[in-house]
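The sequence and the structure are shown below.

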Amino acid sequence: MSTPAEQPLSNSPAGPDVPLAIARAPRRPALPLDPEFVDSALTNPLRAIDLTLAEADRVGASVVAGVALSRIAFILLVTSLLFAIPYGCVLSLAGWWKVVALTLGSTVICLPSLFVFSSYLGQRMRLEQILVLGFTIPAVAALFSFGFAPIVAFLRATMSEGDTQVPWRSISNVLLALSVLAGVVQLWRTWLAARNAAPSNLFAMVLLVWHAVFLHVLWRMGTVLHLGG
Amino acid sequence: MIRGALTTLTCSALYGFALGSAHSELYATRNLVKFPLLIVITGVVCALAYWIVARAFAPMLSFQAVQRATGRLFHDMSVLLASLSPAVAFLAWTSRATDDGMLGSYDSFLAFNVAIVAVAGSLALLRQTRALFTQYGLAPAPAKLLVGLWLVLSLGVGGQAAFVMRPFFGFPATRGNTPPFFVGAEPDLRGATNFYEAVWQTIRRPRLPSWLDAGAREQKK
């Protein structure tokens, strides 16, 4: 079956002289994730990475349809746990758990407030829906930290620990901040695809305000864990 | 793919040789190894991050496709820089023949090379963005963002790798010395011990040591 972009030139609404390369397929609403794909992501790390990073639209559609939400939330939780460990090991072997505590810990601390406040304001989001949206941040942050781990290991190996204006830990903090930022961006991408799950736009406002709480807790967690050095 | 990798390594070695000629034959010949090594280290250290970033913006790109695309970025940049090698070599030899044996035209030569690396990098970036657009049907905005992020990662890691692998071309006052192959985290002229500190000091521009600073030497006289 051909996609709209592969239709013959004569069918193009812009006429037969328009090159195919610039003809765009109309954007179709994403379908919920196939439950079999979700199940396979439980045992296949590459599919778990795809589910976390590459399927924001479809995860959003699943949130709306309520398909396989507990399993998606579980995959995001496990991704948050496992993929953050390599970066933690680079920071210090004894503190391998610190990045997990930073991202997942801060999220777990703040998720009850998102659930209660959204319910209180009549948004009627189910707990599984909140969990999928919330765990997006630590899962994506964990995957980005996994990608950055070799870079931080290289910087740590080549930069002196002594008196320097830009120590490797500062670069590491920037990379961790970028990882969390990527998680926040992914949450909003997912939410844009899932906005029909809430009865009004009020949930987006709750989410926005919740970010302030989350970022404050995250900052405090980073300080308590001495991730700044 | 092997042919492309060999071209990248050869072209980067050529450019490295021309660059090192500004100082001495020792630096020039060392750069034949150092420059290709710089590209290999940057590519290897960033490989995982390139792929993770690509998963977020271009899910259709496999790990191999990502490595090929970033490899082409280095390939194009190396070829462009190699084409400028005769010009760089000419500038290197003439400044070496006419320098004052202290700082010489080190700053202007450095600025020229930063400029051509920036131009070559930007052109390679534009071409790879277009290639991602046409080959994988990736929309222009995510293609630009993705290749831009790859470039930022490469600059961050490649910059530090280059700092550790110094010297590529020293200032004339060090001619005749035989420094170690890699200087590593030893402080540079302005005291920076890593690439990011060196960039920071380039912005702040603290004074050079008095024995190298022409202004300070004039004041002493």
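The text takes up the interface, then the aromatic pairs, and lastly one proline.

This is a predicted model, in which local features need pLDDT of at least 70 and side-chain atom pairs count only at pLDDT 80 or more, while totals for chains, interfaces and linings use all residues. Residues are numbered from 1 along each chain as its sequence is written, chains are lettered from A and ligands numbered from 1 in the order in which they are written, and side-chain values use heavy atoms, with hydrogens and water left out.

**Interface of chains A and B**

In chain B, 26 residues are in contact (heavy atoms within 4.5 Å) with 23 residues of chain A. The two chains bury about 2200 Å² between them, and carbon and sulfur atoms account for 70% of this; buried area is the accessible area (1.4 Å probe) that two parts lose on being put together, summed over both. Of the area that chain B buries against chain A, 24% comes from B:Ile52, B:Arg55 and B:Tyr196, more than from any other three residues.

One salt bridge (a side-chain nitrogen of Lys or Arg within 4 Å of a carboxyl oxygen of Asp or Glu) is found across the interface. B:Arg55 forms a salt bridge with A:Asp50, and their closest N and O atoms are 2.2 Å apart.

Three elements of chain B each give two or more residues to the side that touches chain A: α2 (25–57), α6 (140–164) and α7 (195–204). Such helices are DSSP runs (H or I, at least four residues), numbered from the N terminus. The most is given by α2(B), with 10 residues.

**Aromatic pairs**

Over all chains, 12 aromatic pairs are found (ring centres of Phe, Tyr or the six-membered ring of Trp within 6.5 Å). B:Phe195 and B:Tyr196 form one that is edge-to-face (planes over 60 degrees apart), at 5.3 Å centre to centre and 70 degrees between the planes. Ring pairs also link B:Tyr15, B:Phe35 and B:Phe168 into a cluster.

**Accessibility and A:Pro32**

Buried means under 20% relative accessible area, exposed over 50%, and partly exposed in between (1.4 Å probe, protein chains only).

| Residue | Relative accessible area | Class |
|---|---|---|
| B:Phe195 | 24% | partly exposed |
| B:Tyr196 | 17% | buried |
| A:Pro32 | 28% | partly exposed |

A:Pro32 lies in the segment before α1 (35–41) of chain A. Apart from neighbours within four places in sequence, A:Pro32 is in contact with A:Arg58, A:Ala61, A:Ser62, A:Ala65 and A:Val67.

Methods
Rings of Phe, Tyr and Trp (its six-membered ring) pair if their centres lie within 6.5 Å; planes under 30 degrees apart count as stacked, over 60 as edge-to-face and the rest as tilted.
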